[in-house]
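Open the model in your viewer and keep the selection tool at hand. We will go from stop to stop, and at each one you will select a few residues.

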Amino acid sequence: EEAADVVSEEEEEEEEEKEMDVEYVDYVRKPNLASIIEQYDAMANHPKYSLKQVIMSRRFFLYAHRFANAQFQRTLVFPSLPQPPELYHGFDDTKAMLCGECTKVTEKQRTRPKGHRFIITADTQYGILMDGFAMNTPNWSQEIEISRKCVEQINAMVGDERPLFVCVCGDLVDTESSFSGAIASWKKVMKGWERNLVFEQQVNDFKRVWSGLHPDIALVCLCGNHDVGNRPTKASIEHWTSSFGDEYLSFWANGSFNLCLNNCIFSNPTGAPDLFDEQLRWMEEKLAYARENDATHIFVYGHFPWFLKHEEEADDELTSHSSAPSGWGPPGTKFEDGYFTVPYEWRKIAMAMFKKYDVTACFSGHFHQNVTAQSSWGMPMIVTGPLSMNLHSSIAHELSNGEVNGIGMRIVDVGEKGEFVHKWTLLDNEEEIFEHAIERCERQLLSEEKIAEALIE
């Protein structure tokens, strides 16, 4: 048995030392999009509905106060979280005074003395679990099931444990159309319009599942690099906002101020420098506003972690890497941990603002595993694991602060001024969910191989 253990350890070390070959495409196969195209054509050729029919439709009801119907005018528009009128983009204070809007009680005031709760999730990423497999038929049924279970568990929270809102920190779906150079997968052999088609179907499925969140819980959706690209452009951002609404916004919740960012553009602003500058000006304006109005807390949300260890870490400082699950992607699939953070050139601009305005904490996803770090002045950088596929860093023991790797969500309880606690919690039966997902991919692949062999014979 001891000899077998030694051999196993040696094999694991050899596997770790393998270099991922991004040009390896032997298992790549163009997917069959016939069913998705058929649905798309049916929608395109459908008779136009009247305005009355649209308003009375079940679909319209489901998406009321969700997505683009909640994220507009650079704030969150939700019945149970009324916002002060000055947060609305283009606010006219003269008109507000005349109509009496400014006299209403809003979330700017702390009206819940016991505090409040919100939930952080990340990387639902519909499509990622099949991304590393050579499948003919695009399928993200397991990611849908994971999201459904998460929504069910959140809806089941009651009393003081019921959250005011849920924030999904980016990578809602997997197949943004610019990912033609993705790790060898079916995306590599698809044309731009084909990837767009898959993207739209993934977006529709995400909306269908997450609209099941109870109507008294608000939902905030942020964009990730798989939503707007590794080099966001005006076109890719507008493509996303047409479905989900504003890509950055701010809102109050029980006296705390929440700043939701498109920090994908901080990762690489070269595709949309004007939009980067515009968001930067807006950021400082809102942070100053929050402090001037004595916010009890200032929370910042984005997709990319600003850092993993400390705010001054250089872009090449992290020599560690994160591995994908066995069987996903080409042999030796792993990612440099430094890939996941915002480059220092752009990070230092944000960090200076966060320090100046005493930001309480930053939340993100993207790393597909948990991290709890802290800036030199004490601001927590909290990275939340995925609702899809886990990665595992070679320095996870240094980064995770003892939080287990898995599929789950983060519960944040906000207390008195500046105080909050957070807890990572796994979904019920999460190990079974994830193992089933990988097994399902492997079964589908094996089935397709058998069909192909039968056709050859």
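A disulfide is a pair of cysteine sulfur atoms within 2.5 Å. Keep that cut-off in mind for the first stop. Note also that this model is predicted.

**Stop 1: the cysteines**

How many disulfides does a search of the whole structure find? The search finds zero. Now select Cys 223 and Cys 264. Cys 223 is in no disulfide. The cysteine sulfur nearest to that of Cys 223 belongs to Cys 264, 4.6 Å away. The cut-off is 2.5 Å, so this pair does not count as a disulfide. Is Cys 223 buried or exposed? Cys 223 is buried, and its relative accessible area is 0%. Next, select Cys 150. Cys 150 is buried too, with a relative accessible area of 0%.

**Stop 2: strand β5**

Select residues 218–222. This is strand β5. Five of its five residues are buried, so the rest of the structure largely encloses β5. Show the side chains and look at both faces. On one side are Ala 218, Val 220 and Leu 222.

**Stop 3**

Select residues 321–323 for β9, then 334–336 for β10 and 392–393 for β14. These three strands form an open sheet. Read across it and the order is β10-β9-β14, with antiparallel pairing. Which strands stand at the edges? They are β10 and β14. Each has a single partner strand, so one side of each is left without a neighbour in the sheet. Between β9 and β14, the antiparallel pairing runs over two bridges. Pick out Ser 323 and look across to β14: His 392 stands opposite.

**Stop 4: a loop with positive phi**

Finish at the loop between β3 (116–121) and α6 (128–131), and select Asp 123 there. Asp 123 is not a glycine, yet its phi is positive, about 50 degrees. Asp 123 is buried, at 0% relative accessible area.

Now select Gln 125, found in the loop between β3 and α6. Gln 125 is also a residue other than glycine with a positive phi, near 40 degrees. Its relative accessibility is 2%, so Gln 125 counts as buried.

Note on methods
Residues are numbered from 1 along each chain as its sequence is written. This is a predicted model: local features need pLDDT of at least 70, side-chain atom pairs count only at pLDDT 80 or more; totals for chains, interfaces and linings use all residues. Side-chain values use heavy atoms; hydrogens and water are left out. Two strands pair if DSSP finds at least two bridges between them. Helices (H or I, at least four residues) and strands (E, at least two) are DSSP runs, numbered from the N terminus. Buried means under 20% relative accessible area, exposed over 50%, partly exposed in between (1.4 Å probe, protein chains only).
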